[in-house]
Structure formats: structure tokens, C-alpha cells
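Student: I am new to this structure. Could you show me how to read its features, one at a time?

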Amino acid sequence: MGLGSDMYRQQILDHYKNPRNYGELEDPDFTHVGENPSCGDTIRMEVRLDDAEEAVEAVRFTGDGCAISMASASMLSERLHGMALDDLDALDTDDVTEMLGVDISPMRVKCAVLGRQVAQDGAKIHRGELDPDDRTITEE
């Protein structure tokens, strides 16, 4: 592990200690909650869409969990601003791990992708593709 990985570790720690876009959003278009039972992480994402309901106008999250899940949700919340819902749907595990910038052990991948899955499932519920009572549970 070189200097670059130390920089990313510091970035993860910074996002964990000082999460961006943490809190509640006034008048969200959709809100969704998910959890990672293997680690005890829980994340709630609130999203407001643009007037055409095609892109993310604002996002906030709350939750409790390990450094990886909270930092990942924080980084993701910054990345989602202005993102088209189609692009949100297309985000995958590799996108999340690249955003974090460090190798994630297989056991911690569930922590890293929780925020992404919650945002994607929330968008699907908003479009009527998932039951609103379903709660996201990480299974990767």
C-alpha cells in the first residue's frame, strides 16, 4: 500500500467524521431506508428530483454504521447531485469501490454499497417498480 491508498483512507475517515449532506431534506420526492444486517449499518436516503423528475436535485442521508458505510453514503450523496436517474440506476459495485479508492474486503462490500442500493431502490419505489414497504437489505 502506497501513499495513494493512505490518502484515500484519510478521505474515508474524513467523510465518516464529517459526512456531507447528512440530515433531513425538506419535501423529498422519495425516502428509503436500508440495512446491512451483517454489520448493523442502517441508511436512510431522502431525494428531491428536478421538475422533470429525471435527475437528482438534492439528496440527504442519515444513518448509523461503520466507517465504510457512512463514508460511502457521504461520497455518494455528493456524486448524486445533478445525476440523471438512469445514471443512478446504472451505478454498480465497481463504481462505489472506485469512488472509495481502496480495496474493500468481500465482507465489507455490503457496507460500501448500502447507500447506492438504498438510493436505487428508492428511485424504483418512486417509479412504482418496487413495493413501498420493502426495505433494502444488502446481499452482495
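Student: Which residue in β4 does Gly34 stand opposite?

Tutor: This is a predicted model, and in it Gly34 is placed opposite Thr136 of β4. Strand β1 (residues 30–36) and β4 run parallel, joined by two bridges.

Student: What is the order of the strands in the open sheet?

Tutor: The four strands are ordered β3-β2-β1-β4, and their pairing is mixed. At the edges are β3 (56–64) and β4 (136–137), each of which pairs on one side only.

Student: Which strands does helix α2 touch?

Tutor: Helix α2 (residues 67–80) packs on the sheet and touches β2 (41–49) and β3, with its direction at about 170° to that of β3. Helix α5 lies across β1, β2 and β4, and runs at about 145° to β1.

Student: How are two packed helices described?

Tutor: Two values are used: the angle between the axes and the distance between them. Here, helix α4 (residues 93–100) packs with helix α5 (residues 109–126) at an angle of about 105°, and their axes are 9 Å apart. So α4 is roughly perpendicular to α5, since angles of 65 to 115 degrees count as such. On α4 the contact is made by Thr93, Val96 and Leu100, and on α5 by Val109, Ala112, Val113 and Arg116. Five of these residues are nonpolar, one is polar and one is charged.

Student: Is His15 buried or exposed?

Tutor: His15, in helix α1 (residues 3–17), has a relative accessible area of 4%, so His15 is buried; the cut-off is under 20%. Apart from neighbours within four places in sequence, His15 contacts Arg20, Ala71, Ser74, Met75 and Glu78.

Note on methods: Residues numbered from 1 in each chain as written. Predicted model: local features only at pLDDT ≥ 70, side-chain atom pairs only at ≥ 80, totals over all residues. Heavy atoms only, no water. Buried < 20%, exposed > 50% of the residue type's maximum accessible area, 1.4 Å probe, protein only. Contact = heavy atoms within 4.5 Å. Axes fitted to C-alpha atoms, helices over the stretch in contact; angles between N-to-C directions. Parallel < 35°, antiparallel > 145°, perpendicular 65-115°, else oblique. Nonpolar A, V, L, I, M, F, W, Y, C, P; charged D, E, K, R; others polar. Pairing = 2+ DSSP bridges.
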